[in-house]
Each structure stands twice: as structure tokens, then as C-alpha cells.
Amino acid sequence: MPKSWIYNSAKTEWQAKLQRLGLDDAGTIDELRRRMSEYVTAPPKHTPRPNPPSRPEMNPPTGTAGARDTTTVPDVTTGPPGESVAKTINQIRKWGCHFDGKDPVAFLERATELKKSYGYGDSQMLAGLPELFRGEALLWCRNCRDEWQDWGDFMQAFRDHFLPSRYRAQLLREIKDRYQKLDEPFHKFANELCTLMRRAGTLIPTEQLDQLYENMNPQYRYHISRGSLQKISELSAHASELDASDAECRARRPAPKPPVTASTAYGRTECCWRCKQRGHTRRDCQRPMRHADARQPILPPPLTPTTPTRTGTVGTITGPEGSHLQTFLADELPKFSTVQGPTDRIQHEIRVTTSVPIKQRYRPRNPAMQAVIDRAVEQMLRDGVIEPSNSAWSPPVVLVKKRDGSHRFCIDYRRVNDITERDAYPLPQITATLDKLRGAKYFSTLDLKSGYWQVPLTAKSRPVTAFTVPGKGLMQFRVMPFGLHSAPATFQRLLDQVLGPELEPEAFVYLDDIVICTRTFHRHLVVLREVFCRLREIKLRLNNDKCWFCISRIKYLGHIVDRDGIRTDSEKRLESPTGRLGRWAFELRQHDFEVKYRKGALNSVADALSRQPVAAGISRVRCAWYQRLWKAVRRNSAEVPDYRIRAGSYTATCFTNSTSTKFPRTTSGRSAYPATTGLGS
């Protein structure tokens, strides 16, 4: 391997070179080499170099003996062209500062800093520019470098070529739109925003402080007052304390458990069991049958286009507040689409008091109801709510009819509840909850999407929730199902831990209903943002279709709450009785006495009748026996002498002596049905 030139030079040559540079030439040849190497690699010094020692051939004439040699060696940076320029370019190459067309402002700032730090002149920087450019930028430098007389010409040409035409206006827009993100540390946000403001160069320190305060997280503004700040460093110190407190709170929280991922469910209507492919059924399959050794993976179903996020129902608020609310909801609600449950803060445990499992017989269903059950089970399998089970427990499935005519899938856990320990966690008192709503002007109600299904079950409790589905076998819940008597206490405990007493009385929860009530609009948005952040933090999703925002009147716990106060909801009054209670109410109307409440289990019918409205009647459409009685009176009134139709109203004979055994009749009659019902001939 050939040696470098540094090893081919003799010691006398090294001494001559060191003397020309004004360095010490004493020592061994290795010391001379090391001294020269340190001199070449060291940054250039900008102080004048001392004159070299006089050589014999440079001694002054006899007449000037003793006079100093005034001949000076030029500075390294302006020394011999072959040596000083190469050294300068070598040093610029070691900077590692390159420009390839990206972030031109950062490149100019870095190059100017290095130029000032090393004390290089304009000619030296222009000579070393080829070492700073790469790619297309290097070609531009070669084409234009003859036009630059100094560093200022280069910077002006560089800005004109690589910066946009309206760069300053674009920079001001970036400053205005740069807000601190939810989990972004303040120091990172402040550094980026201060960099943008410094590059803009048009904001004074007070304006920079105002812009930084306005764009930071609203939670910081809630704790830091603008009037007490004079410098950006003071704001950074306060914000750093808040970041440290938040980090300490996060460190004290229990470590989150890995989220439960829903497995891809097999659907007979979506996947062919013969070829193991989706998109057709066995009857429509045209492919050859796959054997057991040919492991063909089942492809996932095709992705469906996503629908835009609904922003809930907004009240009648208008004007600037209405537009501000719409902007606020459009920014906050889409963030819930990225939340993947269930929550990792709590798990529901079913503590049974016996080790003997309960198995109940499955209740047969007609084909229509069985189809409803099958659809519900398939949907829950796709959502990861249930999973196949090998449990010995098996409560029956029940369908509960909703108000809109659809059916709700439920499990009859009554026998399971009988052998389960009850959770003593208290639920909020309704009277105390309603008192918190007094005096508020803005109301918002939040509804969680299948709230119980966002709470996972412990692995030990899952077999207890198993149920039988004909044709699909035994299934068990992975999340907390409806029907368990301790489920409300678990859910109430979760939301109490999330919202906490610090948000009361402006935000509180009763089971899965979250209510926000404030006196001012601005405070309402602040509390809403805080509640949204806490719900997303524990992985709880909202049902936007059932949420109401900034309304002036709500129905809550059977009451109507508005700015005027709290009153009972008139729609919660008992409806007109039907069936057996309806016949009793109809017969008792012909007697001149009032039905009152009396304690005792035998008076359950009278108890129900005593709570009916005064003008309650029996709807003709809902009671078939009433229709038959009406037709009998119309057809032949002699067969039914106790009833008459007078002036389009159905009346019954009134008995004035309720203690008589003969019940003497009078000519007076009592209305047996309101005349406004529309019944008549």
C-alpha cells in the first residue's frame, strides 16, 4: 500500500515548512508531523501572525544592524493562493451544511452563522459556495456565480430564486394558523412559532408575546394570565410548570392495557365455505373446491366509503356565537373517529356467589324474530362485542320492542343477578342533580355510543355472560352487557373518575347521560373542550346523533329545565289505561265516588286507577270490547239500558247511592268518554 506524502518528506523539509508558518521546528520528526497536522485541522485564527525568525540570507545590511525586519507574512486566509484557498474550502466542506432545494431560509441562516463564527470574508464564502450546494441548486450556483460581487448579492439572488413571490404574506398566515396541538409540549410549539415570527421580522416583542399567548392551548390560558407577563421567557416558565404537572399526573396513572381488537368474523352470507373467498355464497360458487391442505386465506371485506362526521344537534343559537359553535364542533367531533375502544381505565367483574353454573333452556322463536336475533349477533361479532364460547352458563335471549317498533337484543340475566354480589357504589340523587341545573342559560347533553359496550369484561367474567344462538352455537360477551344489576354502578364509577368533582356543577353525569350547563357561552365552550379531551383520553366514543349542544331547554330525568327554572315534564303523565284496567275505569265512571289510593298489595288495580287523569278514557282503536259495546248501543239501545249516546257523546247511567244493593237508576248520565275523541255515528 503506497505511503502518503506526509511520510515521504525529510525532517529538514518539515523544519523549513514550520519555520515559514512561524511554528516551532524543534523535536523529532513525529512531533513535527503532529504539529503540522494540528495546525491544518485547527480553525483559522484571525490575529496577525508573528513575524518569522530571521534567516541568514535575510539579515539586514550593516548600516541597519539591530533593526527589526518589517517584512510580514500575509494572513493564512489571504496567503498564497494555492494554500489559503484550499484550506478555506476544506474547512467549509467540514461544516456539513448543504442545500438541495429544501428549506432555503434555514440554509441561509446556517450559512450566515458559520460565516460570522469563522470570520470569513465575502470572497472566501463565494469561493466555497460549490461545497454548499447539491443537485439543481449546484447548477444554479455555477450559472450565476459570476454576477455576485459580495455576499449580499448572493443572498438577494438566492432569495429571489428559491423563495416564493409572496413569501412574507405566506409566513404571516402560517403564524396566525399555528396553534398548539392537544398533546404537544409547549417548548416545541413556542420554538416553532418564534422561528416563524423571527423570519417574518415585522413583529415587535410585545406582538410576539401576544401571538404566542393567543395560539397556545386554551388550558394554558385558563391557568396563566396575560396581564402578568412581560417577556416570552416568563410565559415559557409558567407553561413548563404546567407541562411538568401534567406529566406527573400521567405518570401516576395506571399503565393502559392493550386494546381489544375485533377479529374478522365469518359470515355465511359474505363468505363461501367451499372456496374460502368472500363476495359470493356456496350456491353461486364457480371455483373448484379447496382441500384442507390448500390453506387459502379469507380476504377481509372490501372497505366501504366513510361518511362525514355528524356534528350533533345544535340549538337555536344564532349570530357570531352560532358560527363559533359550528366551527368548534367541526374541529372537535371528528377527533372521536380515531378513538378505538374499549376503555382501559376500568373492567367490569361479575362476582358470583356459587360455583354451580346456571343453564336455561333456549326459547324458540318464529322465523321473523329469529332473523332479528341473527342480524344482531352478526353485527356484534363484526364489532368485536361477542365471541364464541365454551362456557357452561347459558341464559336465554329476549327481544324487547322499542317505541319506534324495532327490537332490542337483550339477555335475561335475572337468575344470574340472583347469585351475584351487588356493587354498592351510589348513584347520584335526582334532586341533587336537578339543583345543579338551576340558573344555567346554556345546556349541552352528551350521549355515549353503546356506553356499556365501551367497558371491557374481565376474562373470568366472560363465561358467565354466555348465551345460545341456534345455528351459531354458544356466544359470550367481551364487553359489559345490558341487564346486569351492577353494570350501572360500574359505569357511574368510570365517569365519576373521568369528570371528577372539579368540573361540577358545570359538568356532571347520571349513568350514560353527560350534562354541561353554564351561564356564559365562552365558559360553555371551555368546559365542552375539557370534557371532549377527557373522553378521548379514556377511549370513550360519542353518539353524535343523540347529542345536543348549546340549547336553552332540556328534558332530563322526567323534568324540563330552562332559563325559567325546573318543572315536571307533562308528557310523563300516565296514559289512558287499556285492557283490564281500562274496563275497570270505564265501569267505575257510572258511580258517583272517587277512586283513591289505599296501601296493600290487593289494591294494586285501585292504585293504578287513582293515578289516571280525570278525563281519561278508552281509545276506540286500542280496545276492541269498547267497539263492540258502542255498536251494540247503536244497534239496539234496549239491550244495553245503562248506556246512551247523547249529542255525540257516550254516557253511562249514574248511580247516586253506592251502598244500595238495588242500585236505583236516575235519569242523569255521566260522560263515559270525552267528546273530543271523534267517536260518533
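This is a predicted model: local features need pLDDT of at least 70, side-chain atom pairs count only at pLDDT 80 or more; totals for chains, interfaces and linings use all residues.
I will start with the second largest pocket. Its volume is about 1300 Å³. The lining is made up of 36 residues. Those that lie nearest the centre of the pocket are Gln219, Asp246, Glu530, Arg534 and Glu537.

Where does the lining come from? Of the elements, H19 gives the most, with nine residues. By residue type, the lining of this pocket divides into 15 nonpolar, 15 charged and six polar residues.

Why does the second largest pocket lie between domain 3 and domain 4? Residues of domain 3 (168-243) and residues of domain 4 (320-567) both take part in its lining, so the pocket lies between the two.

Now to the strands. Strand S11, residues 553-556, runs antiparallel to strand S12, residues 559-562, and four bridges join them. In this pairing, Ile554 of S11 stands opposite Val561 in S12. S11 and S12 form a hairpin with two residues between the strands, and in that hairpin Leu557 takes a positive phi near 55°.

S12 also pairs with strand S13, residues 565-568, again in the antiparallel sense and over four bridges. Here Asp562 has Gly565 in S13 as its bridge partner. S12 and S13 make a hairpin too, with two residues between them.

To recap the strands: S12 pairs with S11 and with S13.

Conventions. Residues are numbered from 1 along each chain as its sequence is written. Side-chain values use heavy atoms; hydrogens and water are left out. On a 1 Å grid over the protein atoms alone, a cavity is a set of points where a 1.4 Å probe fits but cannot get out, and a pocket is an open set with protein on both sides within 12 Å along at least five of seven lines; lining residues have an atom within 4 Å of a point. Grid points are joined across faces, edges and corners, and a volume is the space filled by probe spheres set on the points. Ala, Val, Leu, Ile, Met, Phe, Trp, Tyr, Cys and Pro count as nonpolar, Asp, Glu, Lys and Arg as charged, and the others, Gly among them, as polar. Domain bounds come from an automatic or database domain assignment. Two strands pair if DSSP finds at least two bridges between them.
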